[in-house]
Amino acid sequence: MTRLYNFCAGPAALPQAVLERAREELLDYHGRGLSVMEMSHRSPEFVAIAEQAERDLRELLAVPDNYRVLFLQGGASLQFAMVPMNLLGRGGSANFACTGIWGKKAMAEVERLGLPGHLAASSEPNGHTAVPTQAELSVSTDAAYLHYTSNETIGGLEYDYIPQATRPDGSPVPLVCDMSSNILSGPLDVSRFGLIYAGAQKNIGPAGLTLVIVRDDLLDQAQEAIPTLFDYKAMAAAGSMVNTPPTYAWYLSGLVFDWLKNDIGGLAAMDALNQRKADKLYAAIDGSSFYSNPIKPANRSRMNVPFVLADARLEKTFLDEAEQAGLLNLKGHRSVGGMRASLYNAVPEAAVDALIGFMADFENKRG
Ligand code: PMP
């Protein structure tokens, strides 16, 4: 068996130790004679798995007690709709700081629902190469919340600060953040947010699970005609088990949280490792006249590193040879082209070293 280096943007690499443990526990979970996939979600075994996952996540992120952690479905994309359905029930508008494709999609969904939206800031004028500064955020008087995308997965643009969301009169509005592609990449002050959501398939676990962390006081603002499964309050009251949750994805995510805590040593250690991996790759890109990345250095994503070759005609050869060298999924998003190396938590430093070595060899041969 050979496991190759996987730079996929999502579904992304999972820690090998997690996959090995899942394999060990696959057929017979802890002597119960069945796999986690075959258990009732109401069984004491599964409830214990679910509760342990939540405890570990709360510990990793130091989630304050007045926040609920929800394990949902529908991907981050469903949150584009669920957030306004749950938070605009008492009126007001959804404000957006837009730094790329995902932010734009989140805003489009509010429009689709016929709900009021307001663009508080956009990095479109700079070609999404730098995030808006605090001073550039213009939150509307009627804002119910401000939504932003902490890491734009396609553009490779990451906030280097947590915005302060205040209306023109200085009153605070809840901050809502799509953290799909950088949650758990380092420590986080959850208390700065009203709501955080993330699709699991990058830094959390397999696809099929969506994490929502929501402050208690925001559970009472839903529209009246909201389906039960879209209602945070109903989901919170039922421990995310109004219906059958994605049990295996939940279990595997729990193994990832355990790995982060016990193998990595927590999010500060993860942060240092992620910084080292990203610094190396950007240094290699900047040190060459063959590869380039256009993002302002302070806003370069540590998780998704897009780059282009000086000669775009070599892209296909680059990707083919990379694959032959065991470096998978380096093709950029179909909407932008070029290359993208995603360096999520589970991508080992050795993978980054191998990529940098390959890039140098390729440049020497063809540059
Ligand atoms: N937001 C961000 C930042 C993403 O990267 C993605 C997926 N790549 C999404 C939202 C959409 O996620 P999903 O496919 O889980 O709906």
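**Ground rules**

I number residues from 1 along each chain, as its sequence is written. Because the model is predicted, I take local features at pLDDT of at least 70 and side-chain atom pairs only at pLDDT 80 or more, while totals for chains, interfaces and linings use all residues.

**Domains**

I looked up the domain assignment of the protein chain first. It gives domain 1 (17-262) and domain 2 (266-366); such bounds come from an automatic or database domain assignment. I find 27 Å between the two domain centres, taken over C-alpha atoms.

Next I checked the contact between them. I count two residues as in contact if their C-beta atoms, placed from the backbone, lie within 7 Å. On that basis 23 residues of domain 1 touch 24 residues of domain 2. On the domain 1 side, β7 (157-158) and α6 (247-264) are the elements that give two or more residues. I take helices (H or I, at least four residues) and strands (E, at least two) as DSSP runs, numbered from the N terminus. That side of domain 1 has nine nonpolar, 10 polar and four charged residues. My classes are: Ala, Val, Leu, Ile, Met, Phe, Trp, Tyr, Cys and Pro nonpolar; Asp, Glu, Lys and Arg charged; the others, Gly among them, polar.

**Helix α2 against α6**

I then followed α6 to α2 (residues 44-61). Their axes are 9 Å apart and the helices pack at about 40°. Axes here are lines fitted to C-alpha atoms, for helices over the stretch in contact, and angles run from 0 to 180 degrees between N-to-C directions. α2 and α6 are therefore oblique to each other. I use roughly parallel for angles under 35 degrees, roughly antiparallel for over 145, roughly perpendicular for 65 to 115, and oblique for the rest. The crossing of α2 and α6 is left-handed. A crossing is left-handed if the near helix is turned anticlockwise from the far one by less than a right angle, and right-handed if clockwise. Among the contact residues I note F46, I49 and L57 of α2 and W250, Y251 and F257 of α6. By class, this contact has 10 nonpolar, four polar and four charged residues.

**Helix α3 against α4**

How do α3 and α4 cross? The axes of α3 (residues 75-87) and α4 (residues 101-112) come within 8 Å and cross at roughly 50°. That angle makes α3 oblique to α4. The crossing is right-handed. I list F80, A81 and P84 from α3 and K105, A106, E109 and V110 from α4. Five of these contact residues are nonpolar, two are charged and none is polar.

**Helix α7 against α9**

I checked this pair in domain 2. α7 (residues 267-286) and α9 (residues 349-366) have axes that come within 10 Å and cross at roughly 0°. This makes α7 roughly parallel to α9. α7 brings L273, R276, K277, K280, L281 and A284, and α9 brings E349, V352, L355, I356 and M359. I record seven nonpolar, four charged and no polar residues there.

Most residues other than glycine have a negative phi, and most peptide bonds are trans. I logged a cis bond between G10 and P11, with omega about -5°. P11 lies in the loop between β1 (5-6) and α1 (16-26). I also logged S240, with a positive phi near 65°. S240 lies in the loop between α5 (232-237) and α6.
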